[in-house]
Every structure is written in C-alpha cells, then in structure tokens.
Amino acid sequence: MTRAFALLFAAVTLLAGIGHARAQGFGFDMRDIMGGGPNFRGGGPNFSVGASSPIPRQTVSLASNYAPGTILINTAERRLYLVLANGQALRYGIGVGRDGFRWAGTHRISAKKQWPRWTPPSQMLARRPDLPRHMAGGIDNPLGARAMYLGSTLYRIHGSNEPETIGQAVSSGCFRMTNEDVTDLYSRVSIGTPVVVKN
C-alpha cells in the first residue's frame, strides 16, 4: 500500500513538473506576456476549439445605429458584439487591456490568420527583453487558434488558451477570446469588417 502511494505521488509530481516546464518552455512564463492565469488550454494546430468561455456566447437585443456585420467592442463591459439584423447582436465575453493599455477607436479587420505566428512588438520587447523574437502558431502561442488584425495597429482580436482570463483586464491592448469563441467569430466576419472600440 505504501509503495503504491509512493508511485502515485511520484507520477503526480512528474506530471506537474511537465506542465510547468511546458508553460515555461521558452525560458519565460507565458502568463507574464499577456497576463492571465495558470492554465493553457486548447489544442494543437489541427484543433479549432478549446475550453468554453466563462461568459457564454448568446444572442441579445442591441439598440444601435451600426450596420449588421459590424463588430462593437465595449471595453468597460468586457464584451464584444457582432451586430446582426433586427436590433440583435451576438455577444461574446472578452479579455481587454489592463490599466494603461486600453484604447478606443474605429478600424477594420485588415487580416485574418488561423493559428497565427507571434512576433512581439518592439514596445513589448522593451518591457520584456526575455521574450522570444518569434513564436510559431500552436497551443502555446498566446494568440490562440485565430487572430483578426485591426487596421495598421499592433492590436488584434485573438484566441487564448486561458479561458479563465475572459472578462478580465489583462492584455497589452488586444482583445482575447476563448479559442472556441474566436473560431466562431472568425467564421462570421471577413477582411474589411468595421470594428468599433469604446471604453
């Protein structure tokens, strides 16, 4: 019995070490890059959805003057709305920029990428010189399963393998969604889609 317990303890310790090493596989903690919690969830490049959002996606009434197809982001609410016809919208929970990184404006989706690569911008590298200069797309990439780029800015609407950060202000100005939700939104919008960001 004691030997079985010791083997079980050793196995749990080994698995915990592997998970920690994986999160720090590049010699830094990925949570420090874009904020967030301890768990990276989702799948590899052939996996399109991950864990569900703590804020369920739903169709809601939305009184607005925006044309159907417009994306409206309300950073104070930490919600993203895809405007539909007849005064309705599809509402998603999002993570937004932390203090000092929130912004407002109007842009258009200028590019869409599946399992995007990530190159930290120079501003982020100045704050965090330990970051890699480039990361291939995949489960450990902080951009998640999909990314929609906003005009010529450094900002994106992108996925995340940390669903526990949805509804929080943790990013460097990008808007994060669960991989499941960003995959859904990605399938509904096209390049040129207007994106209105309000604080």
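N86 sits in the loop between strand 3 and strand 4, where helices (H or I, at least four residues) and strands (E, at least two) are DSSP runs numbered from the N terminus. Although N86 is not a glycine, its phi is positive, at about 60°. N86 is also exposed, with a relative accessible area of 78%; here buried means under 20% relative accessible area, exposed means over 50%, and partly exposed lies in between, with a 1.4 Å probe and protein chains only.

The model is a predicted one, in which local features need pLDDT of at least 70 and side-chain atom pairs count only at pLDDT 80 or more, while totals for chains, interfaces and linings use all residues. Residues are numbered from 1 along each chain as its sequence is written, and side-chain values use heavy atoms, with hydrogens and water left out.

Contact is taken as heavy atoms within 4.5 Å. Among contacts between residues at least 6 apart in sequence, 68% link residues at least 24 apart.

Nine strands make up an open sheet with mixed pairing, in the order 1-4-3-2-11-6-7-8-10; two strands pair if DSSP finds at least two bridges between them. The edges are held by strand 1 (58–61) and strand 10 (175–176), each with a single partner strand, so one side of each is left without a neighbour in the sheet.

Strand 6 (residues 105–114) and strand 11 (residues 194–198) run antiparallel and are joined by four bridges. Within this pair, R108 has P194 as its bridge partner in strand 11, and T106 has V196. Strand 2 is likewise joined to strand 11 by four bridges, but these two strands run parallel. Here the bridge partner of I71 in strand 11 is V195.

Which strands does helix 4 touch as it packs on the sheet? Helix 4 (residues 179–188) touches strand 2 (71–74), strand 3 (79–83), strand 4 (88–93), strand 6, strand 7 (146–150) and strand 8 (156–158). Its direction makes about 55° with that of strand 7, where axes are lines fitted to C-alpha atoms, for helices over the stretch in contact, and angles run from 0 to 180 degrees between N-to-C directions. Seven of the 10 residues of helix 4 are buried, so this helix is largely enclosed by the rest of the structure. The buried residues are N179, D181, V182, T183, D184, L185 and Y186, and they pack against strands 2, 3, 4, 6, 7 and 8.

I157 is buried, with a relative accessible area of 0%. Leaving aside neighbours within four places in sequence, the contacts of I157 include V182 and L185, as well as I71, I73, L80, M148, F175 and V195. The C-alpha atoms of I157 and I109 are separated by 9.2 Å, although the two residues are 48 apart along the chain.

W115 is buried, with a relative accessible area of 10%. T119 is placed in the loop between strand 6 and helix 3 too, but is partly exposed, at 45% relative accessible area. Apart from neighbours within four places in sequence, T119 is in contact with R133 and H134. From T119 to L131, 12 residues away in sequence, the C-alpha to C-alpha distance is 9.6 Å.

Finally, there is the largest pocket, which holds about 200 Å³ of space. Its lining consists of 14 residues, with P121, M124, L154, Y155 and S172 lying nearest its centre. Helix 3 (residues 122–127) supplies the largest share of this lining, three residues. A pocket is an open set of points on a 1 Å grid over the protein atoms alone, where a 1.4 Å probe fits, with protein on both sides within 12 Å along at least five of seven lines; lining residues have an atom within 4 Å of a point. Grid points are joined across faces, edges and corners, and a volume is the space filled by probe spheres set on the points.
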